[in-house]
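User: I would like to learn how to read a protein model, going from the whole chain down to single residues. Please take one feature at a time.

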Amino acid sequence: MEGTAPIRLSVRDQVLDALRAAIVGGELAPGSVHSAPELCGRYGVSATPVREAMQLLAQEGAVEVLPNRGFRVAARTARDLAELAEVRALLEVPVVLALARTLPSSRWQGLRPLAEATVAAAAGGDRAAYAEADRAFHRALLELSGNVQLVAVADDLHRRAQWPLARPALSARQAALIADATEHSVLLEALIAGDVVTVEALAREHFSGSAWG
């Protein structure tokens, strides 16, 4: 068998991806209300995949369901961001440190393209594209632990941390994305070098500052 057939997303999943990108990118602003018919017209699909996609976004904390009105894009606060960063650090930093102490440098080399992809996405200034590249890097890093449940929980927390603030701060600018992406490359070099002390400092610092404010 030559190659693998591309995965075809369902209409719901296509709408879900488009909605996530619109929210992360600020196209659907925090606090704004959107009806199912409006979104059907926007994406040229029927009501069912739109409603299913919005229900999934509600489970992720990205929107709130408004009976008989539609959906309101969640207005996240700076405290929400800080709490998510704290939880992510508690979950991810110990795993990264354990891996840093046990994995040979060759195992980290495979993450270079993903780290470079975050830098490229940040340079393009597209927050939605950067969100995907950012999560892909962190997901691949944690996958080295072999703990599938950990990866799933961490990825969900990471996605929740990417929803925009109600009042975007200066950190929403492209420079913040570039700084965040650069930290991936610096962290990866420390992991390859086996410098556990630097890895710990960099990993904790990465969560204390965020490009998603």
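Predicted model: local features only at pLDDT ≥ 70, side-chain atom pairs only at ≥ 80, totals over all residues.

User: How many helices and strands does the chain have, and what pattern do they follow along the sequence?

Analyst: Begin with the inventory of elements. The chain has 10 helices and 3 strands. In sequence order they read α-β-α-α-β-β-α-α-α-α-α-α-α. The radius of gyration is 18 Å, close to the 17 Å that the globule rule gives for 213 residues, so the chain is as compact as a globular protein of that length. The C-alpha trace spans about 55 × 50 × 30 Å along its principal axes.

User: What share of the residues is buried, and what share of the contacts joins residues at least 24 apart?

Analyst: Of the 213 residues, 43% count as buried. For contacts between residues at least 6 apart in sequence, 75% join residues at least 24 apart.

User: In what order do the strands lie in the sheet?

Analyst: Strand order in a sheet is read from which strand pairs with which. Here the 3 strands form an open sheet in the order S1-S3-S2, with antiparallel pairing. S1 and S2 are the edge strands, since each pairs on one side only. Between S1 (residues 33–34) and S3 (residues 70–73) there are 2 bridges, while S2 (residues 63–66) is joined to S3 by 4 bridges.

User: Is glutamate 60 buried or exposed, and what does it touch?

Analyst: Glutamate 60 lies in the loop between helix H3 (47–59) and S2. Glutamate 60 is buried because its relative accessible area is 11%, with the cut-off for buried being under 20%. Leaving out residues up to four places away in sequence, glutamate 60 touches Arg20, Arg159, Arg160 and Trp163. With arginine 20 there is a polar contact of 2.3 Å between the side chains.

User: How should I read helix H10: what is its length, and which residues are buried?

Analyst: H10 (residues 196–208) has 13 residues and reaches 18 Å from its first C-alpha to its last, close to the 18 Å expected at 1.5 Å a residue. Val196, Val199, Leu202, Ala203, His206 and Phe207 are buried in H10. These residues cover an arc of only 130° around the axis, so they lie on the same side of H10.

User: What covers the buried residues of H10, and which exposed residues are on the face turned away?

Analyst: The cover includes helix H4 (78–102), helix H7 (127–143) and helix H9 (174–193). On the face of H10 turned away from its buried side are the exposed residues Val197 and Ser208.

Notes
Residues numbered from 1 in each chain as written. Heavy atoms only, no water. Pairing = 2+ DSSP bridges. Buried < 20%, exposed > 50% of the residue type's maximum accessible area, 1.4 Å probe, protein only. Polar contact = N/O pair within 3.5 Å; in protein donor to acceptor, adjacent residues only side chain to side chain. Contact = heavy atoms within 4.5 Å. Expected span 1.5 Å × (residues − 1). Arc of directions from axis to C-beta. Rg over C-alpha atoms; globule rule 2.2 N^0.38 Å.
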